[in-house]
Amino acid sequence: MKSQSNKSVVCFGEVLWDLLPAGKKPGGAPMNVAYHLHKLGLKSHMISSVGQDEAGLELLDFLKSIALPLTYIQQEPLNQTSTVQATVGDNHEVSYEILFPVAWDFIRWEPAHEQLISQADAFIFGSLGSRNETSRQALFKMLDYAKYRVFDVNIREPHYTPDFVTQLLGKCDLVKLNLAELEMIAAWYNPACANELDRIELLFERFNFQEVIITKGSKGATYYTEAIRYDYPAYLVDVQDTVGSGDSFLAAFLAMKLSDEPLEEMLNYAVAMGAFITSKSGACPPYSKFDLERFIWKRSLSNTLF
């Protein structure tokens, strides 16, 4: 992958502590994406809010330790830092108990956001981080300044409405979602859509975005535009947990896209990153870019030999 030092990405939404069986881990989908983008050599910024409490100070210390700027992390005096109880079930699937309200439900627009977002190469947001009206209105203002808007759908029951997700789908250039989310969303508009291609075509007809990525876990991922479809298989690994694997996938895909790499290389790098992270505990494990590329090299060598 080419040098990314001149590329910047802004991530908006939740920062929190995931309370996992293995212990407390920093998380939140947009923060996970920002973490992995930084690991891959991009300048990443996080817009969020933590409480004025011990958990918030610990999150700020973590962000500082991984060299993510604290400039746009607000401190909310009236609401606590978010913690999420994560339970790992069958097939390594994770369920979440997400409290409301918490500090990131009250992210405020600041004049400094305009320059930050307008100069960034991409702006990433999800449906969870704007579930509350205060953060939602801040997000809508930010989207006016973004040049490339990436919607990571990330539906979590009961923290969404079809109307709100529909609004967000109308304000993005790239959508990333999983198969269950695709089926659910397409059914809102036409319950008769019975397969993946029909659902994708429905979304392209209804909205103005240019790209869709569907993550499929052990079956890899599929990339769509109105003109093309590209399927890419998964890497097989021993899974520790799946927390944050989709976030790492998105970060790797964007890192390659912003470097103008070919589509096959984008998807290979993204699928490899998702597998690499599932082989470790938590969404933001320590690693280097060299570790990831060695992982890819070893898998490609194994495929060549066998």
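The axes of helix 6 (residues 179-189) and helix 7 (residues 196-206) come within 10 Å of each other and cross at roughly 60°. Here an axis is a line fitted to C-alpha atoms over the stretch in contact, and angles run from 0 to 180 degrees between N-to-C directions. Helices (H or I, at least four residues) and strands (E, at least two) are DSSP runs, numbered from the N terminus. Because of this angle, helix 6 is oblique to helix 7; angles under 35 degrees count as roughly parallel, over 145 as roughly antiparallel, 65 to 115 as roughly perpendicular and the rest as oblique. The crossing of helix 6 and helix 7 is left-handed, a term for a near helix turned anticlockwise from the far one by less than a right angle, whereas clockwise gives right-handed.

This is a predicted model, in which local features need pLDDT of at least 70 and side-chain atom pairs count only at pLDDT 80 or more, while totals for chains, interfaces and linings use all residues. Residues are numbered from 1 along each chain as its sequence is written, and side-chain values use heavy atoms, with hydrogens and water left out.

Which residues of helix 6 are buried? They are Glu181, Leu182, Ile185, Ala186 and Tyr189, where buried means under 20% relative accessible area, exposed over 50%, and partly exposed in between (1.4 Å probe, protein chains only). Seen down the axis of helix 6, these buried residues fall within an arc of 120°, so they line one face of the helix; the arc is that of the directions from the helix axis to the C-beta atoms. The buried residues of helix 6 pack against helix 5 (162-169), strand 10 (174-178), helix 7 and strand 11 (211-215), with contact meaning heavy atoms within 4.5 Å.

Ala187 also lies in helix 6. This residue counts as partly exposed because its relative accessibility is 36%. Ala187 and Arg199 are twelve residues apart in sequence, and their C-alpha atoms are 8.3 Å apart in space.

The axes of helix 1 (residues 29-39) and helix 8 (residues 245-257) come within 8 Å and cross at roughly 45°. Helix 1 is therefore oblique to helix 8, and the crossing of helix 1 and helix 8 is right-handed. On the side of helix 1, Ala29, Asn32, Val33, His36 and Leu37 take part; they meet Asp247, Ser248, Leu250, Ala251, Leu254 and Ala255 of helix 8.
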